[in-house]
Amino acid sequence: MQAHKKRCTAERLQILRYCCDQTTPITGPVLAERAKKDRICAATVYATLDLLVEAGILQRVIYNSRQTATYTLPAERRTKMKFICTQCGRRSDLKDRIIADRLRTRSYENFKPDYFTVYVYGKCKLCKRLIPQKNKR
């Protein structure tokens with residue numbers, strides 16, 4: 001937070017503690033409800049989540065069509081590629097050696113990537129079957 005010229009307040013530390021205590025990703029509304037017990041308002045929770053994501057302390061991922069973000073500590077700094085269904089939230093590994101190799105070997109001016117995360121959003125096979133198909137003429 002200091003690198004982003006933000007103060008490390010007691011409220012921000014408490015919100016970070018809540019995230020550290022989690023073994024699974026947590027949503028903003030759940031954090032806001034938990035923080036309410038410590039008299040931390042929801043606006044402070046969401047502003048702190050944005051700050052922690054910007055600082056690279058938390059990772060934000062949106063898994064479903066309701067655009068509900070989950071937050072987690074980036075425990076493993078390794079390359080990940082996932083398909084995420086916007087209908088049901090199902091996740092599966094994306095195994096594409098061409099994409100991975102291209103991102104890994106791509107040369108950037110003044111930047112050397114260590115790892116990357118790729119999320120591809122769409123409909124999984126099961127949800128795609130449930131969507132009525134329009135008649136083609």
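Residues 24 or more positions apart account for 47% of the contacts in the protein chain with a separation of 6 or more. The model is predicted. Of the 137 residues in the protein chain, 28% are buried.

The protein chain has 5 helices and 6 strands. Along the sequence they follow the pattern α-β-α-α-β-β-β-β-α-β-α.

**Helix α1**

Take helix α1, residues 10–21. Its 12 residues should span 16 Å at 1.5 Å a residue, and the end C-alpha atoms are 16 Å apart, which agrees.

Which residues of α1 are buried? They are Ile15, Leu16, Tyr18 and Cys19. These residues cover an arc of only 150° around the axis, so they lie on the same side of α1. Ala10 and Asp21, on the other side of α1, are exposed. The cover over the buried residues includes α2 and α3.

The helices named so far are these:

| Helix | Residues |
|---|---|
| α1 | 10–21 |
| α2 | 28–36 |
| α3 | 42–54 |

**Where α1 meets α2**

How do the two helices cross? The axes of α1 and α2 come within 11 Å and cross at roughly 120°. The two helices are therefore oblique to each other. The crossing in which α1 passes α2 is right-handed. On the α1 side, the contact is made by Ile15, Tyr18 and Cys19. On the α2 side, Leu31, Arg34 and Ala35 make it.

How values were computed: Residues are numbered from 1 along each chain as its sequence is written. This is a predicted model: local features need pLDDT of at least 70, side-chain atom pairs count only at pLDDT 80 or more; totals for chains, interfaces and linings use all residues. Side-chain values use heavy atoms; hydrogens and water are left out. Helices (H or I, at least four residues) and strands (E, at least two) are DSSP runs, numbered from the N terminus. The expected span of a helix is 1.5 Å times one less than its number of residues. Buried means under 20% relative accessible area, exposed over 50%, partly exposed in between (1.4 Å probe, protein chains only). The arc is that of the directions from the helix axis to the C-beta atoms. Contact means heavy atoms within 4.5 Å. Axes are lines fitted to C-alpha atoms, for helices over the stretch in contact, and angles run from 0 to 180 degrees between N-to-C directions. Angles under 35 degrees count as roughly parallel, over 145 as roughly antiparallel, 65 to 115 as roughly perpendicular and the rest as oblique. A crossing is left-handed if the near helix is turned anticlockwise from the far one by less than a right angle, and right-handed if clockwise.
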